[in-house]
Amino acid sequence: MHIAVIGTGYVGLVTGVCLAEIGNTVTCLDVDEEKVSLLKSGRSPIYEEGLEELLTKNLRKGNIQFTTDYREGLAGKEVIYIAVGTPERPDGSAELKYIESVCRAISENVRQDVVIVTKSTVPVGTNQYIKDLIEARLTPPITISVVSNPEFLRQGTAVHDTFHGDRIVIGSEDSWALELLEAINQPFQLPIVKTDLRSAEMIKYASNAFLAAKISFINEMSHLCAQVGANVDNVAAGMGMDKRIGKKFLHAGVGYGGSCFPKDTNALIAMGKQFDYQMPLLESVQQVNEMQRKRMVDMITTRLGSLDNKVVVLLGLTFKPNTDDMREAPSIRVAEELLRTGAVVKAYDPVAIPSAKTVMPEPVLFTSDLEEALQGADAAVIMTDWQQIKSFPLEEYRRLLVHPLLFDGRNCFTLAEMKNSGIEYHSIGRPVVNPQETISPMTSY
Ligand SMILES: NC(=O)C1=CN([C@@H]2O[C@H](COP(=O)(O)OP(=O)(O)OC[C@H]3O[C@@H](n4cnc5c(N)ncnc54)[C@H](O)[C@@H]3O)[C@@H](O)[C@H]2O)C=CC1
Ligand SMILES: O=C(O)[C@H]1O[C@H](OP(=O)(O)OP(=O)(O)OC[C@H]2O[C@@H](n3ccc(=O)[nH]c3=O)[C@H](O)[C@@H]2O)[C@H](O)[C@@H](O)[C@@H]1O
C-alpha cells in the first residue's frame, strides 16, 4: 500500500516507520525542515527504543522517505494518515489549527481518490469536520473517505506498543474504508475494533480519562492509607488481583503529567460544557491530581518546618522515566511551591536538563550528576522513577545528604529495604520508615 503520514512527531514517526516495517511504501511529511533532514539521514529527533534501527533499516530498503513538500508527499498515495498535534487551548478545548492547515494542504495537493486516516486525538465530530473541510476545496471528481484510528502508544515504549498493543480501533461510516484499514493493520496481529466514526473518537478520550481516573483514585486512597497506617502498595496489589479492577495504573505517586492525560481530560470536560454537562467525576480526577503535588510539599514542610534556606534536591524532572519530555511534569509545580516557601532548590535529571531549563521556575540549580545533586542537600525528593535513581546505592544517599531524609514521590523502594538504610524515608500512602520521632499512625484520627 502507498501511504503518506503527515506529522513526524511521536505518533507520526512511529506510525510511519512501523507501517513501512510491515511492508508498505511510506512517505512521511512534516513542515519542520530540520526534522525532515535529520530523518532523511536516518537519525530520529526523539528517543524511542528500537525506532532508529527500524528507521535506518527501512530507509535502506527504500520503504520510507521524508519530505516537506506536500505535492511530492501525497502523489499517488492511496491512504493519508494525519498525526499532527492537537494541543490545549487556553479554555481547555483542543486546538485544531494544525489539523485545519493539513486539510487545506491535502485538498490543494491531492490528485487521486484517497482514504484519510486520523491518528491525532481529536474531539468527537472532528473527522466529519475534516471530511467537510477537504471536500469544500477539492477538485471533483476526486472522492475521499475518512477513518478515525486513534493512537494508544505510550512515550518511551512507542514501538513496542505499536506491535504489542491491546487493540487497534478503526471507525468510519464507509464500510470499504474500514475493510481497507483492517487489511493494512492485519500484519500487526492485534485485535481490531471496527466501529462508527464518533465512537472511535470517543474511545480515545474515554480511555485516557479512565486511566487518569484510576491514578487519581489510588492517589486519593493513598492519602487515607497514610492517615490510617495502611500501605497503599499492598492495597493496590490486593485490589488489582480482581480482574474486574486490574493491577495496572494503580501506582500511587505525585500524580500524572505528560502531553496527554492533562490535555485530554481538559478537552473532554470542554466537550461536556458544549452540551451543558459539567463532568463532575473528571473535574475531581484533575483536582486530586493537582492536590498530589501540593501534598508532597506539605509533607516536606510538615517534617522540616520552615524551608528558609534549606537545600531541597528534586530527583528526576520529567513526567515519567525514559523520556526527556517535560510537558506538565509534576516537578515544575513542586519546584514552584518549594521556591515560594523559601527553599534553595537543586534539580537532577539524567537526560532532561536542557528541556527542563526552558520550563522550570527560577532560580533552580541544575545538574545531571546524581552525586553532585545529593551533596549538601537537607532533603531529597524523588519525582521521577528513573532507573539511575532507583539503583543508586542507599549508603550513598545516606553519605551525601546533610540529613539522611528522603521523600519518595514514586514509591521506588520497599519499606523493608529502607528499614536498615539509616535513612528517614517518607513515601506516598505508606508508613514513615525510621521517623525522627515515633508517631502513632492513628494520631490524626
Ligand atoms: N505523544 C504521545 O504519546 C501520543 C500522542 N497522541 C496524539 O497524537 C497527536 C500528535 O501528537 P505528537 O506526535 O505527540 O505531536 P508532536 O508535537 O510530537 O508532533 C507533531 C508534528 O506535526 C508537525 N506538523 C504541524 N503542523 C503540520 C502541518 N501542517 N503539516 C505537516 N506537519 C505538521 C510538527 O512539525 C510536528 O513534527 C496529538 O493529537 C496527540 O494528542 C496520541 C497518543 C499518544
Ligand atoms: O494519549 C496519549 O498520548 C497516551 O497517554 C498515555 O501515555 P503517556 O502519557 O506516554 O504515559 P503513561 O505511561 O500513561 O504515564 C502518564 C503519567 O501517569 C503517571 N502514572 C502512570 C501510571 C500509574 O500507575 N501511576 C502514575 O502516576 C506517570 O508517572 C505519568 O506521569 C497513555 O498511557 C497512552 O495509552 C496514550 O496513548
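**Figure 1. Val 5 stands opposite Cys 28 in β2.** Here we meet β1 (residues 2-6) and β2 (residues 25-29), which run parallel and are joined by five bridges. Helices and strands in these legends are DSSP runs numbered from the N terminus, with helices being H or I over at least four residues and strands being E over at least two. Two strands are said to pair if DSSP finds at least two bridges between them. Four of the five residues of β2 are buried, so this strand is largely enclosed by the rest of the structure. Buried means that 20 or more other C-beta atoms lie within 10 Å of a residue's own, exposed means 12 or fewer, and partly exposed is in between, with C-beta atoms placed from the backbone. A word on the source: this is a predicted model, in which local features need pLDDT of at least 70 and side-chain atom pairs count only at pLDDT 80 or more, while totals for chains, interfaces and linings use all residues. Residues are numbered from 1 along each chain as its sequence is written, and chains are lettered from A and ligands numbered from 1 in the order in which they are written.

**Figure 2. Strand β5 (residues 114-118) is largely enclosed, because five of its five residues are buried.** Which residues point one way from β5, and which the other? Val 114, Ile 116 and Thr 118 share one direction, while Val 115 and Val 117 point the other way. The parallel strand β4 (residues 79-82) is joined to β5 by four bridges, and Ile 82 stands opposite Thr 118.

**Figure 3. Ligand 1 is surrounded by 26 residues.** A residue belongs to such surroundings if its C-beta atom, placed from the backbone, lies within 6 Å of the molecule. The closest are Gly 7, Gly 9, Val 11, Ser 120 and Thr 121. Helices α1 (10-21) and α5 (97-109) each supply at least two residues of this shell. By class, the shell around ligand 1 divides into 11 nonpolar, 11 polar and four charged residues. In this grouping Ala, Val, Leu, Ile, Met, Phe, Trp, Tyr, Cys and Pro are nonpolar, Asp, Glu, Lys and Arg are charged, and the others, Gly among them, are polar.

**Figure 4. Ligand 2 has a shell of 20 residues.** Gln 155, His 251, Tyr 256, Gly 258 and Cys 260 are the closest. Which helix gives the most to this shell? That is α9 (residues 197-228), with three residues. The shell around ligand 2 has 10 nonpolar, seven polar and three charged residues. Both domain 1 (2-195) and domain 2 (197-445) contribute at least three residues each to the shell around ligand 2; the domain bounds come from an automatic or database domain assignment.

Figure 5. Residues are in contact here if their C-beta atoms, placed from the backbone, lie within 7 Å. The C-alpha centres of the two domains lie 34 Å apart.

**Figure 6. Six strands form an open sheet with parallel pairing, in the order β11-β10-β9-β12-β13-β14.** At the edges stand β11 (364-367) and β14 (424-427), each with a single partner strand, so one side of each is left without a neighbour in the sheet. From one strand to the next the twist averages 20 degrees. Helix α12 (residues 280-304) packs on the sheet and touches β9, β12 (379-382), β13 (405-408) and β14, its direction making about 160 degrees with that of β12. Axes are lines fitted to C-alpha atoms, for helices over the stretch in contact, and angles run from 0 to 180 degrees between N-to-C directions. Strands β9 (residues 311-315) and β10 (residues 344-348) are joined by five bridges, and Val 313 stands opposite Lys 346 in β10.

Figure 7. Pro 363 is found in the loop between α14 (353-357) and β11.

Definitions and conventions: Contact = placed C-beta atoms within 7 Å.
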